[in-house]
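Biologist: Hi, I'm new to this one and need a quick tour. Start with how you name the parts, please.

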Amino acid sequence: HAGAESACRRPFRERARLLAVQSEAQERLRMLEQVVENSPAVVLVTDAKRRIEYVNPAFTRITGYTAEEVRGKKPSFLKSGETAVAQYLEREESLQAGIPWRGEMVNRRKDGSLYAEEQVIFPVRDAAGQTRHLVEIALDISSRREAEASLRRSEESYRALVESMRDAVVAYDIERRLTFANTRFREWFGLGDRDLRDVQLEDLVAPEWRAALRERHERRRRGEPVSARFECEGLRADGSRLWLEAAISPIFEKGSFAGARIVLRDLTERKRSDLRLRQLSRAVEQSSASIVITDATGDIEYVNPAFVAITGYSAEEVQGRNPRILKSGKNPPETYELLWQTITSGNTWQGELFNRKKNGELYWENASISPLVDEAGRTSHYVAVQQDITDQKRAE
């Protein structure tokens, strides 16, 4: 009796199990439907002949077409003409062969505007292996495309700017190998079309500066503070040197030091000018002749030590005053009139003056006074070079 009762209940238990499985499957189906309906990605289902059977709300939001408007149509009505024909052919060949396809397309919305999307299309087969449906999942990548285009434009503008600079620009990695150099840098160092990967930064620096360069690099690598600017001598391919001012900007990747970018300015001419200026300054300071520099109005800006030794006036005493403080009253007025007329007309005046020192003593000097002009051609200063000839006059 117990066995018969158990046999009678078996079909009910099996049916209950099947109902439970069916309920679970329906629950999963409802969940998947919600996922598809709320997905930010376009989901489009077609039959084997590529006629649209279903589109989710994301399709309507992105394209502007409702499900009713597109049902039964082929997705080709979205074509914009901006995608290469070869890409469509490749896609169709892949799908006809039953192979999933992935790629990017530019389509046209209902309002006529264009948008880019990344598509994944795969076939759905029946038990016999025949393709019954094609499912397309697409993401709108217009914003990404615009960002990439903007980045390309920025890179092109940056490259054009860097290439047009009078300064040299170079970048190197953490191993001090060059990764970028503009045309100016290649010209300065005679690199031509040489592969930058074969060049190390320190090879382009004079030997006595290499240790300092390595030390600065290692300090940056350890995260220690390092001055962004320094000067050194560069070494050209022909062995000649040039003075450089370097402005260094470190490059970080994922928060770690990965190299640096350097803007180099050629200081060679400035260094030569500075050297000439120092030499001239020493010559002026050590000259036995009295040298006076005034501004355009005749007020004294500079006197050398010889002036102080000859006249007895200190540099501080005569600063901002007119050289007429040396007047003795023994020179005829015509001398000063001719002097001023000559130098204000842009010429050099030469002659002898009988002047008075600070202590009242009279002395003779042979003077040469010349105007200095600025870049605009205007007189900015006057320079007087005067030699004490008192002993010569006494001898005469």
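Modeller: Helices (H or I, at least four residues) and strands (E, at least two) are DSSP runs, numbered from the N terminus. Residues are numbered from 1 along each chain as its sequence is written. The model is predicted, with local features needing pLDDT of at least 70, side-chain atom pairs counting only at 80 or more, and totals for chains, interfaces and linings using all residues, while side-chain values use heavy atoms, leaving out hydrogens and water.

Biologist: Okay, what comes just after α7?

Modeller: That's G223, which takes a positive phi of about 85 degrees.

Biologist: And how many residues does α7 have?

Modeller: Helix α7 runs over residues 207-221, so to speak, with 15 residues. From its first C-alpha to its last it reaches 22 Å, close to the 21 Å expected at 1.5 Å a residue (1.5 Å times one less than the number of residues).

Biologist: Which residues of α7 are buried?

Modeller: L213, R216, H217 and R220 are buried in α7, meaning under 20% relative accessible area with a 1.4 Å probe and protein chains only. Looking down the axis of α7, you'd see those buried residues fall within an arc of 100 degrees, so they line one face of the helix. The arc uses the directions from the helix axis to the C-beta atoms.

Biologist: What covers them?

Modeller: The cover on the buried residues of α7 includes β6 (168-173), β8, β9 and β10, going by contacts, i.e. heavy atoms within 4.5 Å.

Biologist: New topic: how many cavities are there?

Modeller: Searching the whole structure turns up two cavities of 30 Å³ or more. A cavity is a set of points on a 1 Å grid, over the protein atoms alone, where a 1.4 Å probe fits but cannot get out; lining residues have an atom within 4 Å of a point. Points join across faces, edges and corners, and the volume is the space filled by probe spheres on them.

Biologist: What volume does the largest cavity have, and what lines it?

Modeller: The volume of the largest cavity is about 100 Å³. Its lining residues include F185, F189, L213, F230, C232, A246 and I262. At least two lining residues come from each of α6 (183-189), β8 (229-235), β9 (241-253) and β10 (256-266).

Biologist: And the second largest cavity, what lines that?

Modeller: The second largest cavity holds about 80 Å³ of space. Among its lining residues are P75, K79, Y88, R91, E117 and E136. Both α4 (85-96) and β4 (114-125) supply at least two residues to that lining.

Technical notes:
1 Å grid on protein atoms, 1.4 Å probe; cavity = no way out; pocket = protein on both sides within 12 Å on 5 of 7 lines; lining within 4 Å. Buried < 20%, exposed > 50% of the residue type's maximum accessible area, 1.4 Å probe, protein only.
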